[in-house]
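Here is a friendly briefing on one helix contact and a handful of charged pairs. Please keep the viewer open while you read.

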Amino acid sequence: MLQALYSSLWRLATPFLLWRIWRRARREPVYGVHPAQRFGFYGSGRHAPARGGFRAAPVWVHAVSLGETRAAQPLVRALLDRGLPVLLTHMTATGRTEGARLFEQDIVQGRLRQAWLPYDMPGAVHRFYRYFAPRCGLLVETEVWPNLVAGARRYAVPIALVSARLSASSARKTMRVASLARRTYGRLDAVLAQTRADAERLRQVGARDPQVVGNLKFDLQLPYDLMQAGAAWRQRLGRPVIAWASTREGEEEAILAAMRDMPRTKGGQAPLAVLIPRHPQRFDEVAAMVLASGLSMRRRSSMPGMPFGPIDQDTAVLLGDSLGEMPFYYTGADVAIVGGSFAPLGGQNLIEAAACGVPVIVGPHTFNFAQASEDAIEAGAALRADSAQAAWRLALELIDDGDRRAGMRAAAGRFSATHTGATQRVMRAVGPWLG
């Protein structure tokens, strides 16, 4: 009964969903590409290709957005290296854009295809499974939808939640619809969790026998060319760099205030702040905030090429309004402050920063990456600050203390090296489905 009501609400929301696609596509054109796919219309009629145009049944990997797409990279690469065709689905424009960048050659060669995952309506889900006929489904991190999971069982598609995480707050929200949650999670054929705490919470919401395999993000293959370019850029810049990475709404005001109040280190150095908003649709909004604050700014988008040209010593902020260049920013920084953690949003991923060997500072709210954050702090690779102002002050102190900064860089390398291997464990767990 509850699932029927849930499905009815999705149907009633159709006009709003159409309006939402149109509205977001005005800001993010990629979001408006192939809108019919979001309702399960990928191809129709007598001449619709079998298996979505693949020669063999594909392995379906769902990576909802930018972070999940990056996390899925080593897993998708392992599948492709094994000679398996891959269907990669997304829900956001940033995820689809990043997937196209990461797997450009595989798309050209027809080994990988991207599509939108349909909204969780029974008819749309039915059309998705009928069209693509995947051999199995691998959902990355958190994407569990009742009709999607029920459809997998109907079409005999084994389905797993991989690199699975569930925060305490998300578990509480999930249990508000306990019967639907237990029915849905209980239908998953495998649940491969990041940590023991994640596994226990997933068990509480209905998952059967969740296994701990680790976090796929530790296996990310970083682009050497971007890292080399970042290091060379930092050397030519001739001044310290502090990267504010993946900032979210409600954080930038405090960041800019801290920079105005504390423009220099005690040693008299004026660092360049690289401000990188998490969501591309906010680039212009954040640029306006910086200008309104009175701080001088350059935009990455106004500086073509890689590595880009020199930045005036009087420039306080470089706005990182680009996609796919985070390793460049991290490698070019003396300190990275990871956003999403200075407001109660759960934090953003610090693993990529640590893998680039940069000392990391996080805020008080890291419940989405609780284990990774605590492990990094314990390893000496990261520090925690209770506010944006405190984080900026701590970053300035680290710039003045080269020995401490060098120690954190070394710790970051050790921390990253000791947590790899999740991809191999996932591949072993789902091996029987791959043929």
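Predicted model: local features only at pLDDT ≥ 70, side-chain atom pairs only at ≥ 80, totals over all residues.

Residues are numbered from 1 along each chain as its sequence is written, and side-chain values use heavy atoms, with hydrogens and water left out.

**Helix packing**

- Two packed helices are described by the angle between their axes and the distance between the axes.
- Helix α12 (residues 252-261) and helix α17 (residues 388-400) have axes that come within 8 Å and cross at roughly 45°. That angle makes α12 oblique to α17 (under 35 degrees is roughly parallel, over 145 roughly antiparallel, 65 to 115 roughly perpendicular, and the rest oblique).
- Axes here are lines fitted to C-alpha atoms, for helices over the stretch in contact, with angles from 0 to 180 degrees between N-to-C directions. Helices (H or I, at least four residues) and strands (E, at least two) are DSSP runs, numbered from the N terminus.
- On the α12 side, Ala254, Ile255, Ala258 and Met259 meet Ala388, Gln389 and Trp392 of α17 (contact means heavy atoms within 4.5 Å).
- The residues of this contact divide into 6 nonpolar, 1 polar and no charged (Ala, Val, Leu, Ile, Met, Phe, Trp, Tyr, Cys and Pro count as nonpolar, Asp, Glu, Lys and Arg as charged, and the others, Gly among them, as polar).

**Salt bridges**

- The structure holds 17 salt bridges (a side-chain nitrogen of Lys or Arg within 4 Å of a carboxyl oxygen of Asp or Glu).
- Arg201 pairs with Asp198 in a salt bridge, at 3.4 Å from N to O. The two are 3 residues apart in helix α10 (residues 196-204), so about one helical turn separates them. Asp198 is buried, at 7% relative accessible area (buried means under 20%, exposed over 50%, partly exposed in between, with a 1.4 Å probe and protein chains only).
- Glu252 and Arg282 form a salt bridge whose closest N and O atoms are 3.0 Å apart. Glu252 belongs to helix α12 and Arg282 to the loop between β9 (272-277) and α13 (283-293), so the pair ties together parts 30 residues apart in sequence. Both Glu252 and Arg282 are buried.
- Asp321 meets Arg299 in a salt bridge at 2.9 Å, N to O. Asp321 is in the loop between β11 (317-319) and α14 (326-331), and Arg299 is in strand β10 (residues 297-299), 22 residues apart. Asp321 is buried at 9% relative accessibility, while Arg299 is partly exposed at 22%.
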